[in-house]
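User: I am new to this structure and would like to be guided through its pockets and some of its helix contacts. Please take the topics one at a time.

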Amino acid sequence: MLLMAMTAQAAEKKLWYDRAATDWLEALPIGNSHLGAMIYGKTDTEEIQLNEETFWSGSPHNNNSPEAKEHLQEVRQLIFDGKEEEAHALIDKYFFKGPHGMRYLPLGNVKLAFEYPSEAEPTNYRRELNLANALNTTTYEVDGVKYERTVFASQADNVIIVRIKASKKGALKFNVNFDSQLKSQVTNLLERQNVKVNELAAVIDGEDHEGIKAGLKAECRIKVESDGEIAHLSQKLGVTNATTATIYITAATTFVNYHDVSGNPIQKINQTLDGIKGMSYDQLLNRHLEKYQEQYNRVSLELGTGNGSQLPTDKRLANFAGSDDMDMVALMFQYGRYLLISSSQPGGQPANLQGVWNDKRMAPWDSKYTININAEMNYWPALVGNLAETQEPLFSMIRDLSETGAETARTMYGCDGWVAHHNTDLWRVAGPIDGTTWGMFPTGGAWLTTHLWQHYLYTGDKQFLRKYFDVMKGAANFLMDYMQEYPATGEVKGAAGWLVTVPTVSPEHGPVGKRTTVTAGSTMDNQIVFDVLSNTLEAMKALGVKDAKYIKKVKTCLTKLPPMQIGKYGQLQEWLIDGDDPKDEHRHISHLYGLYPSNQISPYSHPDLFTAAANTLNQRGDMATGWSLGWKINFWARMLDGNHAFTIISNMLRLLPNDRQARNYPDGRTYPNLFDAHPPFQIDGNFGCAAGIGEMLLQSHDGAVHLLPALPNVWKKGEVKGLLARGGFEVDMNWENNTLQKAVIRSKIGGVLRLRSYVPLKGKGLKVAKGKNRNPLLQTAEVKNPLRSAELTSFDQLPVKKVYEYDVKTKKGQLIVVECGM
């Protein structure tokens with residue numbers, strides 16, 4: 001009964017509202033990675049706000065300062081001597097020459113102005129976004145006539161399609177036009193390639209920025225088909241006497257790649273429209289559904305419905321605190337997956353700070369790629385959420401940065417390999433941006449390369465690893481060149497001989513007693529360096545790369561990295577000095593990178609560091625900016641504390657109606673359309689939340705696939721299907737009374753499966769393995785000669801004194817079913 005009930009609910013992951021949007025943060029997002037649109041659902045003049053992923057200000061350039069290298073040693077010595085403020089001033093003067101990154105631009109707006117026989121108010125209004133099919137639908141009635149609009153962004157055909165229907169023949173009457181905040185020119189197209197058409201073409205100019213000339217132009221094309229009459233008006237199309245109408249919207253720019261802006265947008269658009277010529281609306285809809293659902297349907301999550309589940313989404317959000325509406329959490333999980341599918345697909349650009357959605361000429365933080373946490377967080381749900389291919393644009397950007405960043409490394413630091421700092425953009429600038437406080441972060445590119453290694457761990461794809469090995473090695477080479485031995489005369493006693501990154505920062509945060517963030521060897525940097533060097537060695541091993549001299553060099557560097565340290569407040573230190581403030585609730589908790597997303601802090605092998613990390617989390621508090629809450633969900637999941645992780649989710653699910661009301665809603669962290677509020681809007685919080693929910697249900701970083709590692713008490717029963725674990729395992733689970741009932745694990749690549757669970761698991765072929773474990777709650781066991789499909793028998797209730805761990809040798813395609821007896 002549980003499975004049937006939950007399956008019935010699976011189709012109901014919807015955002016819905018009983019009124020039209022009046023603010024962009026109420027509008028609903030659709031996208032196919034290339035195009036993004038925000039749908040307001042208005043009944044008088046509908047607004048579809050558009051973005052094209054390659055429409056940015058500026059043009060190809062770099063921001064490398066040639067003066068940095070000649071002042072580098074002076075800066076380092078000042079930092080070692082404890083004169084960080086003097087070093088900060090030199091870095092600002094000689095390292096940051098600008099420009100400081102370009103802006104992601106809005107394209108414009110398609111507007112549909114409707115006319116009705118009378119001025120009667122619309123009734124029975126509803127608008128919704130159905131995550132199961134990525135369809136945005138608006139329905140209402142006027143004078144007894146039902147109107148319905150369906151909008152979707154097709155990945156299959158690179159076009160946004162609007163379908164409008166009236167229940168009464170000939171009742172549709174509306175005009176279509178386009179406008180933009182940027183300089184633009186709209187023309188009517190009556191003929192294309194000697195064929196009569198009903199199209200509007202809008203040419204939009206890019207913008208200069210910080211002295212970099214605009215290099216991009218965009219074109220947006222709007223095509224209308226209808227069973228009624230279509231008239232060409234001045235910069236408009238008019239539809240009358242219609243029962244149905246279909247509008248096709250697509251766009252393109254002159255962008256080719258980060259150093260080439262010679263593209264032909266007209267040719268691109270014509271190719272798109274020619275590709276759908278002759279296809280019916282139903283055919284296009286089915287192509288969209290097939291493409292979208294192939295990704296979305298891989299994972300389902302049901303946590304049961306509560307009293308608030310039937311409310312409009314904005315009211316549901318406002319009432320979430322203290323409710324039993326656990327399906328709201330499942331909705332947030334799937335919404336994160338939806339947003340990632342919609343904003344990041346192979347061949348496109350990575351999801352930026354706002355995904356692919358932005359309505360402002362001056363977007364917050366330019367909507368760039370902030371690579372000291374935010375861009376990385378965007379892709380945390382990709383693997384556990386079984387959306388591995390959505391990472392391809394990120395990997396492509398990392399490749400680009402390895403090219404631009406090689407010049408940065410040579411020019412600014414005289415180093416081998418490649419570097420990128422805390423921010424980049426469409427043009428793949430790799431030099432530091434904004435100022436020392438934020439931008440003196442030389443490990444942003446190195447952090448990005450850990451995503452390459454994690455992809456390999458989840459997929460076992462050696463061809464992929466071979467393709468990107470040089471990128472990983474290049475990041476390692478830079479770090480080994482850039483790091484310096486801490487001198488015996490330095491400010492930090494006991495640090496002599498340690499290899500440290502210098503200058504650097506712990507992102508956007510400084511220690512007590514220092515009036516700057518600039519430092520040497522921040523804990524986060526040390527953890528990132530450890531991962532990058534270790535990953536490089538492991539990749540060499542996996543690929544059979546033989547280079548004894550290089551391997552020895554890497555291993556020597558690893559032995560000289562500073563260890564993680566526990567400070568006077570029992571906290572994990574953020575810096576080499578013990579400079580943490582236990583009352584400081586700063587949003588960046590960078591030194592817990594080793595807890596998540598890395599795996600350097602374990603309750604089983606590093607209990608002291610694990611406890612120190614918990615102390616740090618408690619000192620930083622349970623409230624923060626939206627994206628920081630997203631990170632904290634993952635932190636507490638890794639702490640194996642599901643109740644605390646759920647507290648953070650609850651803190652995130654607090655309504656902020658819009659940015660104008662931020663003072664009245666100081667704790668608001670989610671907008672009515674469920675976008676994450678820093679505030680303002682940053683999409684990384686949505687992705688961090690989705691990843692954190694996945695991490696509460698499944699972990700695979702600590703020597704085993706851990707089933708339900710951080711299940712909160714309020715998730716009493718549920719079912720999840722399709723989560724991905726390292727080693728290429730796909731996992732389904734259901735539980736009741738907070739206890740695992742059944743797990744189905746599919747091997748996608750073969751190998752060794754180790755299972756960890758808080759409840760006893762038993763079945764044919766399972767036995768306790770030899771060996772000891774530091775944690776008395778853990779034992780190991782193994783299965784020999786497993787069947788291709790083994791149905792393991794249930795057993796009588798046992799006292800839960802242990803957590804059993806199984807080691808199952810699997811083949812590709814093998815299915816393993818584990819049951820827990822009640």
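Analyst: The answers below concern a predicted model and take up pockets, then helix packing.

User: Which element gives the most to the lining of the largest pocket?

Analyst: The largest pocket holds about 1,200 Å³ of space. Among the 50 residues that line the largest pocket, Gln454, Leu457, Asn599, His701 and Arg726 are the closest to its centre. Two or more lining residues come from each of helix 9 (381–384), helix 12 (444–459), helix 14 (523–543) and strand 29 (751–757). The element that gives the most, with eight residues, is helix 12.

User: Which element gives the most to the lining of the second largest pocket?

Analyst: The second largest pocket has about 590 Å³ of space. It is lined by 29 residues, and those closest to its centre are His34, Glu53, Gly347, Gly348 and Gln349. Strand 16 (244–253), helix 4 (265–275) and helix 10 (392–413) are the elements that give two or more residues to this lining. With four residues, the element that gives the most is strand 16.

User: How many polar residues are in the lining of the second largest pocket?

Analyst: By class, this lining has seven nonpolar and six charged residues. Its polar residues number 16.

User: Which residues of helix 15 meet helix 13?

Analyst: Helix 13 passes helix 15 in a left-handed crossing. On the side of helix 13, the contact involves Lys473, Ala476, Asn477, Met480 and Asp481. The contact as a whole has five nonpolar, one polar and three charged residues. The residues in helix 15 are Tyr550, Lys553, Val554 and Cys557.

User: What is the orientation of helix 14 to helix 15?

Analyst: The axes of helix 14 and helix 15 are 10 Å apart, at an angle of about 150°. Because angles over 145 degrees count as roughly antiparallel, helix 14 is, relative to helix 15, roughly antiparallel.

User: How many nonpolar residues are in the contact of helix 14 with helix 15?

Analyst: Phe530, Leu533, Ser534, Thr536, Leu537 and Met540 in helix 14 meet Tyr550, Ile551, Val554, Lys555, Cys557 and Leu558 in helix 15. Two residues of this contact are polar and one is charged, while the nonpolar residues number nine.

Key. Residues numbered from 1 in each chain as written. Predicted model: local features only at pLDDT ≥ 70, side-chain atom pairs only at ≥ 80, totals over all residues. Heavy atoms only, no water. 1 Å grid on protein atoms, 1.4 Å probe; cavity = no way out; pocket = protein on both sides within 12 Å on 5 of 7 lines; lining within 4 Å. Points joined across faces, edges and corners; volume = space filled by probe spheres on them. Nonpolar A, V, L, I, M, F, W, Y, C, P; charged D, E, K, R; others polar. Left-handed = near helix turned anticlockwise from the far one by under 90°. Contact = heavy atoms within 4.5 Å. Axes fitted to C-alpha atoms, helices over the stretch in contact; angles between N-to-C directions. Parallel < 35°, antiparallel > 145°, perpendicular 65-115°, else oblique.
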